[in-house]
Amino acid sequence: MVLHGGGNTSVKVRAPDVFGKPEDLLYVKGSGWDLATIEVAGFSPCRMDRLLKLAELPRLSDLEMARELRVSLTEPSAPAPSVEAILHAMIPHKYVDHTHADAFIALSNTPRGLDYVRECYGDGVVIIPYVMPGFVLAKRCFEMMRSNSLQRVVGIALMNHGLVTFGETAKESYDRMIDLVTKAEDYIARHRVGQPLTANPQPSAAISRKAIASLRQEVSKAIGKPAILNKSVSDPDLQFARRGDIATISQQGPATPDHVIRTKRVPLIGRDVPAYCAAYREYFERNKARGVGRLTMLDCAPRVILDPELGLCTVGLTAGATMVARDIYRHTIRIIEQACAIGGWKALSEADVFDVEYWDLEQAKLRASSGSKEFSGEVALVTGAASGIGKACVQSLLDRGAAVVGLDIDPAITTLHARPDFLGLTCDLTQADAVKIALDQAAVAFGGLDILVLNAGIFPKSIGIKDLTLESWRRVMTINVDANLVLLRECYEMLALAPAGGRVAIVGSKNVRAPGPGAAAYSASKAALNQLARVAALEWADAGIRVNSVHPNMVFDTKLWTDEVMKARALSYGLTVEQYRRNNLLHVSVTSADVGELVAAICGRAFAKTTGAHVPVDGGNERVI
Ligand code: ZN
């Protein structure tokens, strides 16, 4: 019923102020909080008398209202009160609920919506034709409620927008909301004509990473910066994208106007991004005179894409925004299908939607949430990501705003982070097919690849050349060299399509410059990887892909270094563990986090014009210098 910031609730309480004088307050949902996860701190305490006085003003601009709502707060650090705060204040009941329930929106977004809503609810609900949210809507509600006998009214139906209910207890208000939504659901079920349309049921074609990454590149170009693109793998989404009437039903507008800031007014059908942009510019030109003052056009790129092969794709500046757009559009699909079943889908007019898209208060919400970190909208893939240096690289990349795919043979990778911008996949990197499947999943989740971090590797037990079997030599080569060749080869296409240029960071080793006795296979494998990196830098520069390496040494907070190994190695040099840990020119201990930060840095702006570089991170080593 309440989807990503849509809807709000409030309660009226009397509490003493700092002087002990009782004061009537409205606790209303604060802007930026979501009802699914709201806490006490998310409710803004407003002084009731101030809100009621505002309601008497003949008019109040949006910006003035937003300012006045802030002024009414008793807690300066509280979030900005919901733009519907005045509406909540004017309703005399203690508890108020407001939702954008799917069934009600389906009912009201039909050519005969007003008749349906009237028939569905009878006299107990006041019906308000669509007005933009904010002061005007609050005034309209106030007038409508005054002219109705309040005793019998349990709620307000806001056409093309949502429902409001109220009560003396939270439960009474909530039960009334559930009752009104259930009535709308039952009404739809009773009036449904014919069977739901079944679309082309063919299975989707094999996933083409290149097709997805090309689409993401085009969309990013239209936005002017890299964006995340998610491809839905759900069958109903694909079926909807393949409906024969998709060009009509998907092009009418959003389910409720507040969705426009997350989804744009209409989805792109197919993959012609420049055509979508041209149409968006025309839409802006047609409507720009409606704005107060001079409006600046938002980027022209789509946020929702319906393609007969790719199905539903959604776009956002962060992985989180992409998921929000997907959730909203899935509800939109359901709402459109319900509305179609009871006589047709009819969204709000283009002009009404434009007003909300270019409304100062909605723009403020977007500005507050738009990502601006160094790797915002970019996708990184890290191998060996479940622990040690790989795990630290994941953290450094997430901290800079990238969406990260972590691969590891250890299943712990799948639960490393529970957040929308991380995807952990179990993968045996020595199996080329498993690598391809993992890359497909990365493309589906985030739309491509900008940064590849080759970190996974093994460090076998110390053994002299005279005892080294070909079998253990080959095992090291398989993991430390062959697997990285496959990864580089398979990632090339996506890296070449990276909107801001692809980057490869290779975690090498001090051993490349300064090998150690007993580590023949390891040192040779890292030297081979080093040479592979240099050739990749030569071959891929034309595609704008930078390939740089970091060379750590003595990073002890990794799985390789157990306490026993540390003690044994320190003893063999006649040092204490602490002396051994800092056994470098600078006498510093090098940590996984240090390496993670350097990896992120060589993928960042400071190294934007560098490729083929080799940077040590070892505290200074005489043999390397
Ligand atoms: Zn609303």
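# Salt bridges, zinc site and burial in the chain

Lysine 264 pairs with aspartate 299 in a salt bridge whose closest N and O atoms lie 3.8 Å apart. Lysine 264 sits in the loop between helix 11 (260–263) and strand 9 (268–269), and aspartate 299 in the loop between helix 12 (273–287) and strand 10 (304–307), so this pair ties together parts that are 35 residues apart in sequence. The model is predicted. Its chain has 625 residues, of which 53% are buried, and the structure holds 31 salt bridges. A zinc ion is coordinated by three named histidines, His98, His100 and His161.

**Overall architecture**

- The chain contains 22 helices and 18 strands.
- Along the principal axes, the C-alpha atoms fill a box of roughly 95 × 65 × 45 Å.
- Among contacts in the chain with a separation of 6 or more, 71% are between residues 24 or more positions apart.

**Salt bridges**

- Arginine 14 forms a salt bridge with aspartate 24, and the closest N and O atoms of this pair are 2.9 Å apart. Because arginine 14 belongs to strand 1 (residues 8–16) and aspartate 24 to strand 2 (residues 22–29), the pair ties together parts that are 10 residues apart in sequence.
- Glutamate 309 forms a salt bridge with arginine 271, with the closest N and O atoms 3.4 Å apart. The two residues are 38 residues apart and link distant parts of the chain: glutamate 309 is in the loop between strand 10 and strand 11 (311–316), and arginine 271 in the loop between strand 9 and helix 12.
- Arginine 271 has a relative accessibility of 30%, so this residue counts as partly exposed.
- A network of salt bridges links Arg209, Asp440, Arg489 and Glu490.

**Zinc site**

- The zinc ion is coordinated through the NE2 atoms of His98, His100 and His161, at 2.1 Å.
- Along the chain, the donors of the zinc ion follow the spacing H-x1-H-x60-H. Histidine 100 lies in the loop between strand 4 (95–99) and helix 4 (102–108), and histidine 161 in the loop between strand 6 (155–158) and strand 7 (162–167), so these two residues tie together parts that are 61 residues apart in sequence.
- Histidine 100 is buried, with a relative accessible area of 11%, and histidine 161 also counts as buried, at 5% relative accessibility.

**Buried threonines**

- Threonine 558 occupies the loop between strand 17 (546–552) and helix 20 (563–572). With a relative accessible area of 16%, threonine 558 is buried.
- When neighbours within four places in sequence are left aside, threonine 558 is in contact with Gly388, Ile389 and Ser592.
- Threonine 332 is placed in helix 13 (residues 319–341). This threonine is buried, with a relative accessible area of 3%.
- Leaving aside neighbours within four places in sequence, threonine 332 is in contact with Ala255 and His259.

**Helix 14 and valine 153**

- Helix 14 (residues 350–357) is mostly covered, with 6 of its 8 residues buried. The buried residues of helix 14 are Ala351, Val353, Phe354, Asp355, Val356 and Glu357.
- Valine 153 lies in the loop between helix 6 (135–146) and strand 6. At 2% relative accessibility, valine 153 counts as buried.
- Valine 153 and valine 126 are separated by 27 residues in sequence, while their C-alpha atoms are 7.0 Å apart in space.

How values were computed:
Residues are numbered from 1 along each chain as its sequence is written. This is a predicted model: local features need pLDDT of at least 70, side-chain atom pairs count only at pLDDT 80 or more; totals for chains, interfaces and linings use all residues. Side-chain values use heavy atoms; hydrogens and water are left out. A salt bridge is a side-chain nitrogen of Lys or Arg within 4 Å of a carboxyl oxygen of Asp or Glu. Helices (H or I, at least four residues) and strands (E, at least two) are DSSP runs, numbered from the N terminus. Buried means under 20% relative accessible area, exposed over 50%, partly exposed in between (1.4 Å probe, protein chains only). Donors are N, O and S atoms within 2.8 Å of the metal (3.2 Å for Na, K and Ca); water is not among the atoms, so sites may look incomplete. Contact means heavy atoms within 4.5 Å.
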